[in-house]
Amino acid sequence: FMKMFQDPCGCVPRSKLSKPISFEEVVKELDHFASLTGPYDQGQCSGTVYNDNAELQKLLCLTHEKFHWSNPLHFSTFPGVQKMEAEVVAMTLDMFHGTERCCGTVTSGGTESIMMAMKAYRDRARDLYGNYEPNVVLAVSGHPAFHKAAHYFGIRLVVIPVDESGEVLVNKVRWA
């Protein structure tokens with residue numbers, strides 16, 4: 001019965017461990033899972049790893065080591081994290097010629113970024129136009145996070161097909 005729940009690495013999900021496992025056993029499991037990783041560093045994995053520079057990897061690991069326990073919501077406890085976020089937002093605003101009316105925040109990745117943008121658009125539609133039933137037109141090739149955000153935030157998603165080359169069928173958008 002459990003075979004139907006096996007994933008490609010041969011792991012059977014366990015609802016709970018039958019006994020505690022040691023630190024060394026956890027590390028052994030982590031090493032095994034790491035060995036299953038595909039060749040992400042050869043420029044053939046779209047949307048997974050954007051830079052395989054060894055020095056940058058070292059810097060990211062060091063940053064994670066110093067801040068993995070931090071929580072930006074507790075800025076009085078972790079003021080350095082708040083300062084880093086403010087600097088990243090300021091640099092981004094400068095790159096895009098943002099004015100003093102612009103603001104921003106740092107998210108954990110693409111999915112959260114899409115979700116926050118969808119929430120902002122939903123809230124803006126309510127505040128400015130009284131639209132409590134917003135919709136978003138999305139190509140079928142769009143990121144799955146748009147579907148998640150639409151579900152979470154009560155946004156109707158209108159999915160539009162693409163042609164063989166991946167381009168949106170514009171005539172379908174008109175009637176969405």
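**Exercise 1.** Which residues form a nonpolar patch on the surface, and about how much accessible area do they have together?

*Solution.* First, the ground rules. This is a predicted model, in which local features need pLDDT of at least 70 and side-chain atom pairs count only at pLDDT 80 or more, while totals for chains, interfaces and linings use all residues. Residues are numbered from 1 along each chain as its sequence is written, and side-chain values use heavy atoms, with hydrogens and water left out.

Step 1. Take the selection rule. Patch members have over 30% relative accessible area and no salt bridge; like charges are joined within 9 Å, nonpolar side chains (Val, Leu, Ile, Met, Phe, Trp, Tyr) within 5 Å.

Step 2. Read off the members: I21, V26, L30, F33 and L36. Together they have about 410 Å² of accessible area (Shrake-Rupley method, 1.4 Å probe; for residues, only the protein chains shown count as cover).

Step 3. L30 sits in helix α1, residues 23–35. Helices (H or I, at least four residues) and strands (E, at least two) are DSSP runs, numbered from the N terminus. L30 has a relative accessible area of 52%, so it is exposed (buried is under 20%, exposed over 50%, partly exposed in between; 1.4 Å probe, protein chains only).

**Exercise 2.** Find how β1 and β2 run, and the handedness of their unit with α5.

*Solution.* Step 1. Strand β1 covers residues 135–139 and strand β2 residues 156–160. Five bridges join them, and they run parallel. Pairing requires at least two bridges found by DSSP.

Step 1. Right-handed means that, with the strands pointing away from the viewer, the path from the first strand over the helix to the second runs clockwise.

**Exercise 3.** Count the salt bridges and name the partners.

*Solution.* Step 1. Apply the cut-off: a side-chain nitrogen of Lys or Arg within 4 Å of a carboxyl oxygen of Asp or Glu. The count is three.

Step 1. Start in helix α3. K83 pairs with E87, with the closest N and O atoms 2.8 Å apart. Both lie in α3, four residues apart, about one turn of the helix. E87 is partly exposed, because its relative accessibility is 38%.

Step 2. Move to helix α4. K119 pairs with D123 at 2.6 Å between the closest N and O atoms. These two residues are also four apart, about one turn of α4. K119 is partly exposed at 30%, and D123 is partly exposed at 22%.

Step 3. R122 bridges to D123 as well, at 2.8 Å between the closest N and O atoms. Shared partners join K119, R122 and D123 into one network.

**Exercise 4.** Is R122 buried or exposed, and which residues does it contact beyond its neighbours within four places in sequence?

*Solution.* Step 1. R122 is in helix α4, residues 110–129. Its relative accessible area is 12%, so R122 is buried.

Step 1. Leave aside neighbours within four places in sequence. R122 then contacts P134, F153 and I155 (heavy atoms within 4.5 Å).
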